[in-house]
Amino acid sequence: MIDREQVLSILEGYDPTSIRIGVVASHSALDTCDGAVSEGFGTLAICQKGRERTFANYFRSQKDPSGQVTRGVVDDVLILDRFKDLIRPAAQSFLTESNTLFIPNRSFVSYCGIDSVENDFAVPIVGSRNLLRSEERGDEKDYYWLLEKAGLPYPKKIDSPEDIDRLTIVKVHHKVKTLERGFFTASSPEQFYAKSKELIAQGIIEEDFLDSARMEEYVIGPVFNLDFFYSPLEERGEKIELLGIDWRFESSLDGYVRLPAGQQIGLEKDGVLPEYTVCGHNSATLRESLLEKAFELAERYVKAAEKHYHPGIIGPFCLQTCVDKDLNFYIYDVAPRIGGGTNVHMAVGHPYGNTLWRKEMSTGRRLAMEIRRALEQERLEEIVT
Ligand SMILES: Nc1ncnc2c1ncn2[C@@H]1O[C@H](COP(=O)(O)OP(=O)(O)O)[C@@H](O)[C@H]1O
Ligand SMILES: [Mg+2]
């Protein structure tokens, strides 16, 4: 892990009056930039050549003579050949010399690699650098380990295909779309072998997929991604905030379920199995009696993260849950950083975040607000790692 003193000495060199927010231009970057602009910060989007136009062109900012942003949210772009070039000293210097505080999202870690994020990236990160590793499924202290430590409910793990005695989801990497999923479901060992054989034949999963697969009970019920925020700076109110809830559109699953059952069965017989590639999000609320339970999950997670991953969670995190027929939550994934679905609340805010803060409060804005508060209270080092 990079020396904290190194990061803090860079932070000390920053001009607090011209801090800007930098983010890898993908995942939740628009929300992050939008929130930063709302709170009066400049923004930098780190783009990869060939996929920069959304940020460099379409959402490029314009300002009036007084400096007010009148259009867009991206003030500056750094266009790299590959996202992972962000780790190179020249790119890092570009960020640190322009007083950039960096917001980590999943794209940053996926493209740059967790080892580089931990050891080679000296730019001050707003959030918890060490906790990012808990997302590396299969690592020793991954989020399942943390959930176990926290006594939090997660879907029952199925150890081997022979043990499949209920509807089970098999989580595998996609063979070709390496950052995507080659997930499938099976309710018996026979079905597991038949479907995996089919997916291997179609080139969707690797032959040795089982070595790195996670199998768990498929919870039949709605999915709620709980977008929380933890504020280490808050002193009067609760430190945990529920900002909003999103859920995903997944391809081709969502197309699949919009077909009549007979056609679904026909497709399955033809070997056309649904894929789980995220391609959009929608917003949701919870029935009020479930909110208490949701907060309890967050409290436990924050406590466990603090204990096992000091300093623990800082800022946004997302508990990805399913709710079963008896209204029990199961956490199937945890993002210890801004969630991937927060664009759904961009600019208009999250229902719960708005209610709490009496103004439009997206995750991006809440992040920027925390930075603003930290600057005002001279407590930036408490939210930076
Ligand atoms: N145990 C489960 N029961 C039901 N659905 C699940 C379960 N685990 C995952 N899912 C579904 O699969 C999707 C992706 O799961 P997730 O574990 O978050 O994978 P990733 O983060 O790699 O996309 C979720 O949006 C949800 O719809
Ligand atoms: Mg997930």
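This is a predicted model: local features need pLDDT of at least 70, side-chain atom pairs count only at pLDDT 80 or more; totals for chains, interfaces and linings use all residues.
Residues are numbered from 1 along each chain as its sequence is written, chains are lettered from A and ligands numbered from 1 in the order in which they are written, and side-chain values use heavy atoms, with hydrogens and water left out.

Let me begin with the open sheet. The five strands of this sheet are in the order β12-β11-β10-β13-β14, with antiparallel pairing; strands here are DSSP runs of E with at least two residues, helices are runs of H or I with at least four residues, and both are numbered from the N terminus, while two strands pair if DSSP finds at least two bridges between them. The edges are taken by β12 (276–284) and β14 (329–335), and because each has a single partner strand, one side of each is left without a neighbour in the sheet. From one strand to the next the twist averages 35 degrees, where axes are lines fitted to C-alpha atoms, for helices over the stretch in contact, and angles run from 0 to 180 degrees between N-to-C directions.

Next comes helix α8. Which residues of α8 are buried? They are Pro-189, Phe-192, Lys-195, Ser-196 and Leu-199, where buried means under 20% relative accessible area, exposed over 50% and partly exposed in between, with a 1.4 Å probe and protein chains only. Seen down the axis of α8, these buried residues fall within an arc of 130 degrees, so they line one face of the helix; the arc is that of the directions from the helix axis to the C-beta atoms. On the other side of α8, Glu-190, Lys-197 and Ala-201 are exposed. The buried residues of α8 are covered by elements including β7 (168–171), β8 (184–186), β9 (214–217) and α10 (261–269), with contact meaning heavy atoms within 4.5 Å. Just after α8, Gly-203 has a positive phi of about 75 degrees.

Now to the aromatic rings. Rings of Phe, Tyr and Trp (its six-membered ring) pair if their centres lie within 6.5 Å, and planes under 30 degrees apart count as stacked, over 60 as edge-to-face and the rest as tilted; by this rule there are 14 aromatic pairs. In one of them, the rings of Phe-102 and Phe-121 have centres 5.0 Å apart and planes at 65 degrees, so this pair is edge-to-face. The pair links distant parts of the chain, since Phe-102 is in strand β6 (residues 100–103) and Phe-121, 19 residues apart from it, is in the loop between α6 (114–119) and α7 (143–150). Phe-102 counts as buried at 0% relative accessibility, and Phe-121 is likewise buried, with a relative accessible area of 0%. Ring pairs also link Phe-184, Phe-192, Tyr-193 and Phe-209 into a cluster.

Staying with β6, Thr-100 and Phe-102 point one way from the strand, Leu-101 and Ile-103 point the other way, and all are buried. Strand β1 (residues 20–24) is joined to β6 by four bridges, and the two run parallel; in β6, Ile-103 is the bridge partner of Val-23.

I will finish with some backbone details elsewhere. Asn-99, in the loop between α4 (89–97) and β6, has a positive phi of about 55 degrees although it is not a glycine, and at 11% relative accessibility Asn-99 counts as buried. Arg-358, in the loop between α12 (351–357) and α13 (363–376), is another residue other than glycine with a positive phi, near 65 degrees, but Arg-358 counts as exposed at 66% relative accessibility. Lastly, the peptide bond from His-310 to Pro-311 is cis, with omega near 5 degrees, and Pro-311 is placed in the loop between α11 (288–308) and β13 (315–323).
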